[in-house]
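Student: I would like a close look at a single part of this model, the place where two chains meet. Please take it slowly and give the cut-offs as you go.

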Amino acid sequence: MEHLCSVQILPLVKKRALSNDKIGAMATNSCAFSFSASLKLIDMRTEVVFFLNGQRHAVDSSGAALVLSDYLRLVCGLPGTKVVCAEGDCGACTVVCARFAPAGSSRHHRDPKTQAEAQATSNAKKQGRVEFRAINSCIVLIAQLDGCSVVTIEGLNTPSLNTPSPKTPDPQPDPSRTEIQEKLFCSHAAQCGYCTPGIAMALAGAVEKLTPQSQKLSEQDAKNALTGNLCRCTGYAPIISAAQAIDIHQALTPSLHERYGTEKIAAALRRVFSQPCWLKPTVEADFEFYAPLTLKAACAYLKKNPSAQIIAAGTDLGVLRNKRKQVLKKLMSLHLIKNSTRTELKRKKELLVGCNATIDDFRSSLKQALPEFAAYLDLFASPQIRNVATVIGNLANASPIGDLAPPLLVLNAKLEIATDKKPRLLDLSDFFLGYRKTALKKGQLISGLKFEIPGQGQIFKLYKVSQRKDLDISTINAAFCVQLAKERSGLMIGEARIAYGGVAAIPLRLYKLERWLSGRQILPQSLQPTIDSAIELLQSEITPISDLRASAAYRRVVAENLLRRYLHHLFAASLDGSVKKSRDLESPHELS
Amino acid sequence: MNSRKPSETDANRPHDSAHLHVRGESEFVDDIPRLANEVFVEIVQFPIACGTLKKIDTAKALKMKGVLGVFSAHDLSTNLWGSIVADQPLLIDKRGSFAGEPVALVAAESREIARRARDQIRLEVQADKPLLSISEARRAGAIIGSTRTIQRGDCDHALKAAPHRLKGKVVIRGAEHFYLENQAALAIPKEDGQIEVHCSSQHPSEVQHLVCHALGLSSIQVVVIVKRMGGAFGGKESQGAPFATYAALVANKLKRPARITLSKDDDMIITGKRNPFENFYEVGFDDEGKILALNAEFFSDGGAYADLSPAIMERAMLHLDNAYYIPHIRISGQICRTNHHPHTAFRGFGGPKGVITIERIIEEIAHRLGKDALRIREINCYGESPRNTTPYGQEFTDNNLPRLFTELSASSDYHRRRAEITVFNQRAIENGDRFLRGLSLTPVKFGISFTTRHLNQANALVHVLRDGTIHVSTGATEMGQGVNSRIAKIVASELGIDSSLVRLMSTSTERNTNTSPTAASSGTDLNGAAALLATRKIKFRLSHMAKHLFETATEKWPSKTAPLGTEAEIAMPPTPELLLDASSTTEAENYCGMIFQDGFVYAHTQPSKKIALESLINESYFSRISLSEFHHYKFPGLGFDKLKGSGRAFLYFTQGVAASEVEIERDTGMCKVRRADILMDLDVPVNEALDLGQITGAFVQGMGWMTTEKLFYQDGRLLSHSTSTYKIPSIQDTPREFNVHLLPNTKNTVNVRATKAAGEPPLLLAVSVWTAILDALKTLPHHRDALPQLELPATCEQVLRHLDPQAFTHWEAQ
């Protein structure tokens, strides 16, 4: 495949601007809008543009359908990035990537996780800084890198001393290694070495989120940063030690941002966002990629091209492609659409989520407002996936075991559906029609999502059960949001919403159970009969199957156990009067 | 000039490739730059578990642009192969025996085209009824090899006479190696019909043999090179060879370089796993819990072909005793032939299957007698004569087990925690709390040697170069375990220099032939000993030369006089036999009183007068003294008769203990390891840091098998063939508290540098995680009468089944 692809790699210094660039440069001035409108054809970019380790790459349809890891290994001759699973589940292929969308279209709400991060976020905001984040290069198409600066292990390596020393070096600090690599080296964190470049890059991504003020990663920080990186040799103990030993201050000088987010690179990439991009199929390459600037244009394209697939992070499409279950021929990306990555909490009450908002952004904005949900998201895939995968993508995919559907169903989320005419709102509960079948019609796409943060007396709980606690697809998941109301006679269950994943062909709202629970009074003596009846109803509504993750029996037993666990929780909450606001956060990594 | 002096950190020097690993500069097979004209190979796989191959329709694939050929069984000179028995076809001729079995090879200009072409090949097959489990195979009488037995004493009589008897069964499932670097090979045709093969294999000599055998070449035409592997764990001991052969076949046919790199999915579907076992036992014991007699029958799932299963079964049988003296014992083992991929070596080989069985038996005895399992372990532990002979008659001389038990139960605070957990669980059961806890302390005694005697040999080639650096080649292959670093350290210490001056070259059949696989934890023991002895021979000559130089005026030294030939050359005596005993330590008197230290050589009688090693080497060169050596080494004293099941099977035993505490969630069956404490006896490690890495790595790898790693088959097809469905431990699964220590110990006098092997034994310590889960479950009232029949791995579902068997019975009855 390497010989099929035509690529132009231009060193930045040469700056032999392509004709497109000139238009791009013009498009940044104030008259650009009308200009681009009147000159549609000329204005369309026919290459995606990104920077790789500081070099500008412009790729047309012949190379844009490659996954990044193949592009690195086969086209660029950069074999430091390894591929093991080819499905974003092992982290060996980790690289870091920053998307240089112009300010205004980047996210503007981020609730920091730690003090250090708060500092980082505010610094980043001040400088309009874009974050370098760890991603899986094995499932991201070159086309999706449009507007990004990508750094591989070769880019992380200190450039000054690129030739390895001729002898086995002493275990002394060596300037040819960055602080991260130094600590991995001397903590014996590399045995066979196949996962090591990915681990170094995942740590680089994690460190990049911190500030020089932070000192060290805690053990839990280290584990959280590397949840997406499998190692089969070390048992992780030396890797955890290495990560904890990293001197953050050292590791940040120079930062990836200073090296690969220079003003020159940023300016070149920001220009990308003012021009739509259309890679058209050629005789050699049956691949089309369209990235419009507006939702209207996107809907028009979808209407004309019903076979087109919308790609956001491609964390599912990339896998289907690699595993030869789907050939990706016609894709549309919404990354150039303004404000598409936003997550915004309005009046501390309503959360708005853009069509390209990532799980990580979403998690950040929930951290304060709805910690139960944020903690649940810690178990969503890996940092690499959360950094790119979108909330909307997880729903649009319509998997019966997607992690986001059950919580959003019980939160009564509404989807914003863009059409070529007027946008409309659709209840998420009406979205899932059958196995991987949704209510989206030809020419429609999901442009966003909104829901209200549960208020006083709403007991919101989420559960995920999987074969392995982290980095795994749910065997079964469940979401509960039940209103407890004080009546004269005691506590009453008000509106109840319950949804399960992994128990039917779609993420399932349990309407019968909800109706039965609503209006029921909670009394100590009636708890057991209430549970028994509720379980009976639950079992009548679900239809789990046996598959490689678990048997149908296991799913049934766990489904009722989770309901039992929730009802006990509800009962306890009603007893101790903690009804005011359910914030009893259970961090998934500090169970019991 | 580089400092020759060993640095202070030399004893714990990082892995010899670590500086490359962290920069992504280590070259693995698929990283070798694409060669001009290179072709890519993909494997067409048999679609069903068992049947006849009627026809391969390649017409559509061959028409595709970029497709260069499809090769099948007819293209091979000899098709059947096998490490022990040649019963497996490289490519199916008529009979297909497992789903995923290689049928044909597609060669194309690129991987993408090869994959698309593979999808276009149609196979016509006629399905037969497959055998998909041990019990099905036993019913059908499908076996591999004959039943083997090891016995001592009068088992039947002692069982009858025992005050207590228990009968039981343990079901042990397989596991995937999950090396990160998938199987890969690159074959390059050379002049005169030669082929150079770069591959990811633990056994380059076997690859060489197989390539020759399959292609009809002689061994001098094939060179096999292994630079390093991205993990292997036994999965590349025998099973790397066919893939290298496929690449060689295509390279030979097309006269173009050919590369094969499996996807993780293909790799998992095609290659064999750890053998599943079903073991049955009857044990007799006294009121204290002392085992009086044990009768055990082992059945393994060998898969479709023998592969290494006979040797694996043997090791399982040889490890049923584990740490315990069992006076009357009979162990029999039979391999069953099924329609699964041929199961193969995996870290621990058969060892864990024997150990798991006896550890379950101990748990059962403890449960029956209402005693703590640790007590039962301690009273059955090997001790003084006569309680120090294994069932196969080998005397267990170097017994540190009682000390290990005592020290770990103290350092892990076992008894206090046991009491706390008892209270915690009682309360949890009374109140219906969400969690139960379990604690278990288990030992390992792992025999070091291949049980097949002739494999216990190695050879090494050592070249001393004129700048004072050393070039060492052995048959050992580097798979992350650090064998190169250890051998370098052994050689460097012998010469009194820093190990950064020693480089282990890639493993190549051009330099070392007739080698054994790097397996059975013996890589350093065998190859390190060979390298040490080769080095001693050179050191002996250097010491003679040094003595001569100290007695000669410098102006008459060879570097000054040799060009004109004015001085006579020194005569060199033969190397004394004593220096060729790897277990001996050598002193200055063996080397003309010369001491090699910090890059210098001096007479112990006159430490002030020194010569730099580099100068000594140079002077030796001018005196025409050989600076190179080759040495062959074999483990001494082995004598295990496989047919009788008795004799000295092992050179020595690596020992250790682990205490694991688990917590299980009662409504989901999810499990976590709260704490693990490990204490191992490795005597004098060559590189302690690397050994600790082997311990933590093996333990966590073992934990995966004990808990989350589930192979799911449907009609014989493996469906859990990728990371999304097969769950090895993630960083979050590591024990929340993880204490690893080595026992300060005397020297292991039989082995090179008084060290002990660390590769496999710690994996068996993870059994403590599984027994800890049993420990948690057995506190439930419904298990009061009998220990739960917990399978291994104890997945969430498996655990929940035993937490709430009634619920499962209810739903499964419907």
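Student: Which residue of chain B forms a salt bridge with Lys82(A), and how far apart are the closest N and O atoms?

Tutor: The partner of Lys82(A) is Asp31(B), and the closest N and O atoms of this salt bridge are 2.5 Å apart. A salt bridge here is a side-chain nitrogen of Lys or Arg within 4 Å of a carboxyl oxygen of Asp or Glu. This is a predicted model, in which local features need pLDDT of at least 70 and side-chain atom pairs count only at pLDDT 80 or more, while totals for chains, interfaces and linings use all residues. Residues are numbered from 1 along each chain as its sequence is written, chains are lettered from A and ligands numbered from 1 in the order in which they are written, and side-chain values use heavy atoms, with hydrogens and water left out.

A second salt bridge links Arg73(A) to Asp30(B), with 2.9 Å between the closest N and O atoms. Arg73(A) belongs to helix 5 of chain A and Asp30(B) to the loop between helix 1 (18–21) and strand 1 (39–45) of chain B, so this pair joins two chains. Helices (H or I, at least four residues) and strands (E, at least two) are DSSP runs, numbered from the N terminus. Side chains of opposite charge can pair when their charged atoms come close. Between chain A and chain B the count is 10 salt bridges; over all chains it comes to 90.

Across the interface of chain A and chain B, 39 residue pairs are in polar contact, both residues being at pLDDT 80 or more. The term stands for a pair of N or O atoms within 3.5 Å; within protein, one must be able to donate a hydrogen and the other to accept it, and residues adjacent in sequence count only if both atoms are side-chain atoms.

On the side of chain A that touches chain B, several elements supply at least two residues each, among them helix 5 (68–75), helix 9 (196–208), strand 18 (458–465) and helix 24 (552–575) of chain A. Helix 24 of chain A gives the largest share of that side, nine residues. By class, the side of chain A that touches chain B has 39 nonpolar, 25 polar and 24 charged residues. In this scheme Ala, Val, Leu, Ile, Met, Phe, Trp, Tyr, Cys and Pro count as nonpolar, Asp, Glu, Lys and Arg as charged, and the others, Gly among them, as polar.

As a whole, the contact (heavy atoms within 4.5 Å) takes 88 residues from chain A and 92 residues from chain B. The two chains bury about 7,700 Å² between them, 56% of it on carbon and sulfur atoms. Buried area is the accessible area (1.4 Å probe) that two parts lose on being put together, summed over both. In chain A, the residues that lose the most area to chain B are Arg232(A), Arg324(A) and Leu548(A), together 12% of what that side buries.

The peptide bond from Thr253(A) to Pro254(A) is cis, with omega near -10 degrees, and Pro254(A) sits in the loop between helix 12 (248–251) and helix 13 (256–260) of chain A. In chain B, the bond from Leu792(B) to Pro793(B) is also cis, with omega near 5 degrees. Asp413(B) is not a glycine, yet has a positive phi of about 60 degrees.
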